Amino acid sequence: MKNSKNKQTLEQRLNKIRAGVLGSNDGILTVVGVLFSTAAATSNNFLILVAGFSDLLSCAFSMAAGEYASVSAQREIERAVIKIEQRKIDRDKNYARKTIARNYISWGVNRETAYFIADELIQKHEIESLVSAKYTLKIGEYVNPWGAAFSSLISAALGGLFPLLAMLLLPGHLKFAGTIVATTFAVALTGSLAAKLGEFHLRPAIIRNIVIGLITVAIHYYIGKLFLILRSAYTII
């Protein structure tokens with residue numbers, strides 16, 4: 001039972017870290033997008049600061065709210081499933097055994113072995129084993145909604161600081177190039193963390209994140225230029 005609890009704690013930590021990585025990546029890309037759109041349309045540092053900082057805050061709180069809602073919904077689903085299955089167990093003492101065994105039989109396990117496995121699982125954790133076999137749902141896997149929200153809030157804000165500080169602190173002739181470098185470094189870092197946590201290849205994850213980041217920069221830069229052209233055309237008219 002102790003090992004199971006430790007395992008659940010590890011899964012909860014990994015889920016929280018994954019939420020943090022995703023929050024960081026979103027913070028980086030949304031903030032750099034707004035910065036390049038604004039900086040391409042105006043050289044006013046105050047307006048760039050207001051736009052970038054406002055977007056950083058809105059992105060961070062949006063990510064936190066979305067993570068809270070998502071994890072809360074997952075936990076509610078988990079509780080509802082447990083409640084339904086517990087009622088079925090209370091009505092039929094063999095329900096869990098038959099359901100788990102049928103699940104293993106559907107995977108190609110012979111009937112005798114399937115019921116043997118079901119008996120072993122029920123002796124250890126009846127409701128947990130039933131829910132896992134029937135729904136592939138691990139009880140207690142999800143983190144606390146407030147913890148997930150706070151993790152997303154902080155990570156999105158920290159991620160957005162990379163391009164924001166680069167754009168605001170670097171001298172004029174280095175603003176764009178320096179912000180691109182800062183963004184590239186930041187998304188490469190989140191890509192490497194995602195690869196490590198997901199246990200997949202490091203290089204494709206980093207390259208994918210960098211390409212997406214550069215495309216985001218390019219799109220928003222030209223959006224800002226488009227608004228600048230439209231403003232000039234409106235002034236002429």
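Is F162 buried, partly exposed or exposed, and what is its relative accessible area? F162 is partly exposed, with a relative accessible area of 33%. Keep that residue in mind as we walk through this predicted model.

**The chain as a whole**

- Reading from the N terminus, the elements of the protein chain run α-α-α-α-α-α-α-α.
- The protein chain has 237 residues, and 37% of them count as buried.
- Take the contacts between residues at least 6 apart in sequence: 73% of these join residues at least 24 apart.

**How α2 meets α5**

- Helix α2 covers residues 45-91 and helix α5 covers residues 126-135; the two pack at an angle of about 110°, and their axes are 10 Å apart.
- This angle makes α2 roughly perpendicular to α5, because angles of 65 to 115 degrees count as roughly perpendicular.
- The crossing of α2 and α5 is right-handed.
- On the α2 side, the contact is made by V81, I82, E85, Q86, K88 and I89.
- On the α5 side, the contributors are E126, I127, L130, V131, K134 and Y135.
- Sorted by class, the contact of α2 with α5 has seven nonpolar, one polar and four charged residues.

**The F162 and F185 pair**

- The count of aromatic pairs comes to seven.
- In the pair of F162 and F185, the ring centres are 6.0 Å apart and the planes stand at 45°, so the pair is tilted.
- F162 sits in helix α6 (residues 145-169) and F185 in helix α7 (residues 175-198), so this pair ties together parts that are 23 residues apart in sequence.

- Y221 and Y222 form an edge-to-face aromatic pair, with 5.2 Å from centre to centre and 85° between the planes.
- Y221 is partly exposed, with a relative accessible area of 24%.
- Y222 is exposed, and its relative accessible area is 58%.
- Both tyrosines also belong to a cluster: ring pairs link F36, F176, Y221 and Y222.

Notes:
Residues numbered from 1 in each chain as written. Predicted model: local features only at pLDDT ≥ 70, side-chain atom pairs only at ≥ 80, totals over all residues. Heavy atoms only, no water. Axes fitted to C-alpha atoms, helices over the stretch in contact; angles between N-to-C directions. Helix = DSSP H or I, 4+ residues; strand = E, 2+ residues; numbered from the N terminus. Parallel < 35°, antiparallel > 145°, perpendicular 65-115°, else oblique. Left-handed = near helix turned anticlockwise from the far one by under 90°. Contact = heavy atoms within 4.5 Å. Nonpolar A, V, L, I, M, F, W, Y, C, P; charged D, E, K, R; others polar. Phe/Tyr/Trp six-rings, centres within 6.5 Å; stacked < 30°, edge-to-face > 60°. Buried < 20%, exposed > 50% of the residue type's maximum accessible area, 1.4 Å probe, protein only.
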